[in-house]
Amino acid sequence: MIASVAGTVASIGADAAVVEVGGVGLRLLCAPGTLAALRVGQQARLSATLIVREDSLTLFGFADDDEKQLFELLLTASGVGPKLAQAALSVHTPDVLRAALSHGDVSTLTQVPGIGKKGAERMVLELRDKVGPVAAVPAQGGRPQAWTEQVRQGLVGLGWSQAQADQAVTAVAETIDGPTPPVPVLLKQAIRLLGKTR
């Protein structure tokens, strides 16, 4: 079992990073917030979970052990696979997710693409008693524009200049009408606007 990966960041994509460890490049699927903190050519340590399927071995990378533990906990809920668990961590911090599960906050959970009302209720029922102590979480207004910084950092990490990233974030912000989409969706939109799909 691979618990963590430490090495040189070889490349960063829209949803994954390659970290070179002892001459082997390991591809880790990561949330945008995790990718935004990485820089090509620099050393990095990511907590990791290896998901083994009949036809694939997929490595998921996390900024810290807390994120990883919550990811693994989410996988124990029926109907929650690795992609959905990672989407949840892309939209909310571990503290926000734990609080939502602990307090039965279905509306927060349904902000994650792929989680409907019934799925959220099932997650609360199955995980409420397993989330452990819940830290105080700021009101929903606490992170109103957190996505702008995550998308900006993600674009800079992918090689665009600060000016290009600012321009793309502004353009994406103007397209939002209603609830803010999840960060991965916004990041992909920004990449498309910059004329470079991955």
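Accessible areas here come from the Shrake-Rupley method with a 1.4 Å probe, and for residues only the protein chains shown count as cover. This is a predicted model, in which local features need pLDDT of at least 70 and side-chain atom pairs count only at pLDDT 80 or more, while totals for chains, interfaces and linings use all residues. Residues are numbered from 1 along each chain as its sequence is written, and side-chain values use heavy atoms, with hydrogens and water left out.

**View 1. The whole protein chain and its surface.** The accessible surface of the protein chain comes to about 10100 Å², and 52% of that surface belongs to carbon and sulfur atoms. Nine helices and five strands make up the secondary structure, where helices (H or I, at least four residues) and strands (E, at least two) are DSSP runs numbered from the N terminus.

**View 2. Helix α2 and its surroundings.** Helix α2 spans residues 65–74, and its buried residues are E67, K68, L70, F71, L73 and L74. These buried residues pack against α1 (32–36), β4 (43–53), β5 (56–62), α3 (82–91), α4 (94–103) and α6 (117–127), with contact meaning heavy atoms within 4.5 Å.

**View 3. The enclosed helix α3.** Nine of the 10 residues of α3 are buried, so this helix is largely enclosed by the rest of the structure. The buried residues of α3 are P82, L84, A85, Q86, A87, A88, L89, S90 and V91.

**View 4. R152 in helix α7.** R152 lies in α7, which covers residues 146–157, and R152 is buried, with a relative accessible area of 19%. Its side chain makes a polar contact with the side chain of D166 at 2.6 Å; such a contact is a pair of N or O atoms within 3.5 Å, and within protein one must be able to donate a hydrogen and the other to accept it, while residues adjacent in sequence count only if both atoms are side-chain atoms. Leaving aside residues up to four places away in sequence, R152 touches Q162, A165, D166 and V169.

Conventions:
Buried means under 20% relative accessible area, exposed over 50%, partly exposed in between (1.4 Å probe, protein chains only).
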